[in-house]
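Please look at the sequence and the structure below before reading on.

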Amino acid sequence: MLDQTTVEKFKASLGGELIQPNDDGYDEARKVWNAMVDKRPALIARCKGTADVITAVNFARETNLLLSIRGGGHNIAGTALCDDGLTIDLSGMKGLHVDLRTRRVRAQPGCNLGDLDRETQIFGLAVPAGIVTDTGIAGLTLGGGFGWLTRRYGYTSDNLLSADVVTADGTFLRANETENADLFWGLRGGGGNFGVVTSFEYQAYPVGPQVTAGMIIHPIENAREVVDFFREFSANAPEELCCLLTLRLAPPAPFLPKEVHGKPIVGIAVCHSGNLEDGERVIRPLKEFGDPLADVIAPKPFAVHQTLFDVAMAPGRHYYWKSHYLPEFPEAAGNVLMEHAAKITSPHSSILVFQLGGALARFGETDSPAGNRDAAYVLNVAASWEDPAHTEEQIAWSRGCWSDMQQFSTGGVNVNFMTGEEGGKRVLAAFGDANYKRLVEIKNKYDPQNMFRLNQNIPPTV
Ligand SMILES: Cc1cc2nc3c(=O)[nH]c(=O)nc-3n(C[C@H](O)[C@H](O)[C@H](O)COP(=O)(O)OP(=O)(O)OC[C@H]3O[C@@H](n4cnc5c(N)ncnc54)[C@H](O)[C@@H]3O)c2cc1C
């Protein structure tokens, strides 16, 4: 138990706010994206900059407080928060700078994907990242990070050039290919295990700003044909094209006929990030296929396309995800997904099959911890609901579908899609034996006391 004098001294030493349970705004400050997460930190340090981060890490170590790190607060497992400890909240650190000459981007860890797209797209550039604008760049990058541009440029972490890190002993380090190269390797997929990143440096690429993108939606009665089409179409896609299959109940979206709202649908979302003529040509077979209920695929700004799933994945609802990497998407896997799609009861739940492959194979499996480069797709069985009374039923649906899909999995999983209850063997599966072994060595060196343990943890062995 901390005495109030110690807390007051800590508070006075911070440039940013220190929020405690009796303060106004405490409940707001401990909210994260997933309403399933209800943790009560003793202290929330809203850091203003690196000085606050160093001060907070030193304070946690000296007082032996449990420590959690919050970037965008999006992690499904709710590891951004802790009970009774100190949460280092980086969400106010939103500085972002684009160097047009080198196309390098420096971003502080409170930026979300919307911030990153806004500052890069104004110059026709983009950093490959995820598909929902509210997601934090920090957790996403540290866990790998995939999105519409991954098939062209690799994981987000493949495009990380350097990072500034505050380690467990309060030391500030630059990590890149030549300085603290072991730490740099670990940061490119090993999660928040090694320290607090106060700045990320990325390589950006010319993208759009207009891309050919959007979603096409078919009635569930045609699911068989649509799923088959998705399989063929995505398997033959050039790297500029990324496809996503989704099965869910139709949302009350203005582009969908009213009579299908709440009824099962199947959709294919795409983003072609090459030139518009190629995009039109490549996507034509999809637009000409079948008799869709809606087709909102058209040339549009990349930053607009990035908002496509924002409403479907809105913050503040209850969420439970289970995920697999798939080496391919055989007909039998499609059958299993259709069977479980028919059991969806929540208007917010969905099954998502996101295409990977392409550029991922240009990097070696041991180039970084973000391996799983044999995966052609990532499956997310995403249960989402509003009423806590439905929690058990929704979790059971997600687990049931996930179990039946296990036979099609590579055996790997994305660390950023793991729930709080996974961990252990599943963390090992996320990294594979060789990369995990190397991560343990890095953990032993930089965080031997496991101060950074609220994450998909790699426990030290020293
Ligand atoms: C709606 C939604 C959509 C998503 N879409 C995608 C997607 O398209 N592609 C994809 O790859 N992933 C996606 N994800 C998963 C996402 O990458 C993870 O949830 C990620 O952890 C989010 O990062 P955050 O900073 O918001 O997380 P937080 O919850 O803030 O943090 C999660 C963990 O990251 C670590 N961490 C955060 N910041 C730092 C830091 N500065 N230094 C050290 N460690 C830190 C900590 O261990 C922390 O516990 C999505 C998630 C959601 C909820």
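Two strands are said to pair if DSSP finds at least two bridges between them, and the elements themselves are DSSP runs numbered from the N terminus, with helices (H or I) having at least four residues and strands (E) at least two. Residues are numbered from 1 along each chain as its sequence is written. The model is a predicted one, in which local features need pLDDT of at least 70 and side-chain atom pairs count only at pLDDT 80 or more, while totals for chains, interfaces and linings use all residues.

**The sheet.** Strand 2 (residues 43-46) and strand 4 (residues 86-89) pair in the parallel sense over four bridges, and Ile 44 of the chain stands opposite Thr 87 in strand 4. Helix 3 (residues 50-63) packs on the sheet and touches strand 2, strand 3 and strand 4, its direction making about 165° with that of strand 4. Here axes are lines fitted to C-alpha atoms, for helices over the stretch in contact, and angles run from 0 to 180 degrees between N-to-C directions; two residues are in contact if their C-beta atoms, placed from the backbone, lie within 7 Å.

**The domains.** The bounds come from an automatic or database domain assignment, and the table lists them.

| Domain | Residues |
|---|---|
| Domain 1 | 4-89 |
| Domain 2 | 96-206 + 433-446 |
| Domain 3 | 210-417 |

The centres of domain 2 and domain 3, taken over C-alpha atoms, are separated by 25 Å, and 33 residues of domain 2 are in contact with 31 residues of domain 3.

**One residue.** Is Val 98 buried, exposed or partly exposed? Val 98, which lies in strand 5 (residues 96-99), counts as partly exposed because it has 19 C-beta neighbours inside 10 Å; a residue is buried if 20 or more other C-beta atoms lie within 10 Å of its own, exposed if 12 or fewer, and partly exposed in between, with C-beta atoms placed from the backbone. Leaving aside neighbours within four places in sequence, Val 98 is in contact with residues including Val 105, Phe 123 and Ala 204.
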